[in-house]
Amino acid sequence: MLFKDVFSLAGRIILISGPVRSGKSDYAETMAAALAAEQDTRHQTVAYIATAQPFDSEMEERIKLHRARRPDAWQTYEAPFEPWEAIQSGYEAGHRVFLLDCLTMLVTNWLCRQFPDPDTYQMIGEKEQQEVLDMLGRLHRAAAERDDLTLILVTNEVGWGLVPEYPLGRLYRDLSGRSNRYMAEAAAQAWLVVMGLPLQLK
């Protein structure tokens with residue numbers, strides 16, 4: 001695959017978005033491997049930050065498939081809530097290329113932790129949504145403060161379909177869109193993957 005100007009992006013954030021099963025994770029993994037291969041021998045292993053949690057059999061199977069296709073040499077950090085801590089640990093371990101998959105799952109985890117009772121979702125306002133964006137700010141700073149680190153973020157486009165019929169679905173759609181915009185603004189590159197084809201937006 002062609003990664004236009006990507007090898008000059010050490011110390012930057014790269015955002016890769018797309019719909020479900022579009023090939024965005026495959027593209028991100030290929031990009032991460034290519035970037036890591038350009039590092040010196042001490043830093044050629046990718047640190048993979050996993051945000052999914054296996055709450056049911058379907059999610060367990062999805063996680064299993066993701067794990068199976070990652071190279072054995074990659075180091076996986078399970079970080080459903082505090083990915084900046086995984087960046088700190090991975091950096092101290094010698095990693096310089098990080099791949100977080102995915103941003104929308106991270107937002108989901110935070111949203112559900114804040115409001116575990118479905119009856120309280122109507123209480124989620126601008127203040128509570130801002131807390132999620134503040135969390136993303138911590139993630140951004142964890143990457144930006146290290147000028148030899150590259151963070152690849154995979155995210156989902158969830159607002160291109162039907163309007164969800166229930167309030168939580170609409171809130172998740174809106175907050176995911178805001179989160180993607182936030183990280184796209186901070187990113188050095190932004191890609192959209194559709195039908196397995198990558199399109200560079202930024």
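In which crossing, left-handed or right-handed, does α3 pass α5?

## Packing of α3 and α5

In this predicted model, α3 passes α5 in a left-handed crossing. The contact is made by Pro83, Trp84 and Ile87 on the α3 side, and by Met135, Arg138, Leu139 and Ala142 on the α5 side.

The axes of helix α3, which covers residues 83–92, and helix α5, which covers residues 126–144, come within 8 Å and cross at roughly 15°. The two helices are therefore roughly parallel to each other.

The structure holds 5 salt bridges. In one of them, the side chains of Arg69 and Asp26 meet with an N to O distance of 3.4 Å; Arg69 belongs to helix α2 (residues 57–69) and Asp26 to helix α1 (residues 24–37), so the pair ties together parts that are 43 residues apart in sequence.

Arg69 also meets Glu29 in a salt bridge, at 3.0 Å from N to O, and because Glu29 lies in helix α1 and Arg69 in helix α2, this pair ties together parts that are 40 residues apart in sequence. Within it, Glu29 is buried, with a relative accessible area of 8%, whereas Arg69 is partly exposed at 35% and Asp26 is partly exposed at 38%.

Arg113 forms a salt bridge with Glu82, their closest N and O atoms being 3.2 Å apart. Arg113 lies in helix α4 (residues 103–114) and Glu82 in the loop between β3 (75–78) and α3, so the pair ties together parts that are 31 residues apart in sequence. Arg113 is partly exposed, with a relative accessible area of 42%, and Glu82 counts as partly exposed at 25%.

Note on methods:
Residues are numbered from 1 along each chain as its sequence is written. This is a predicted model: local features need pLDDT of at least 70, side-chain atom pairs count only at pLDDT 80 or more; totals for chains, interfaces and linings use all residues. Side-chain values use heavy atoms; hydrogens and water are left out. Axes are lines fitted to C-alpha atoms, for helices over the stretch in contact, and angles run from 0 to 180 degrees between N-to-C directions. Helices (H or I, at least four residues) and strands (E, at least two) are DSSP runs, numbered from the N terminus. Angles under 35 degrees count as roughly parallel, over 145 as roughly antiparallel, 65 to 115 as roughly perpendicular and the rest as oblique. A crossing is left-handed if the near helix is turned anticlockwise from the far one by less than a right angle, and right-handed if clockwise. Contact means heavy atoms within 4.5 Å. A salt bridge is a side-chain nitrogen of Lys or Arg within 4 Å of a carboxyl oxygen of Asp or Glu. Buried means under 20% relative accessible area, exposed over 50%, partly exposed in between (1.4 Å probe, protein chains only).
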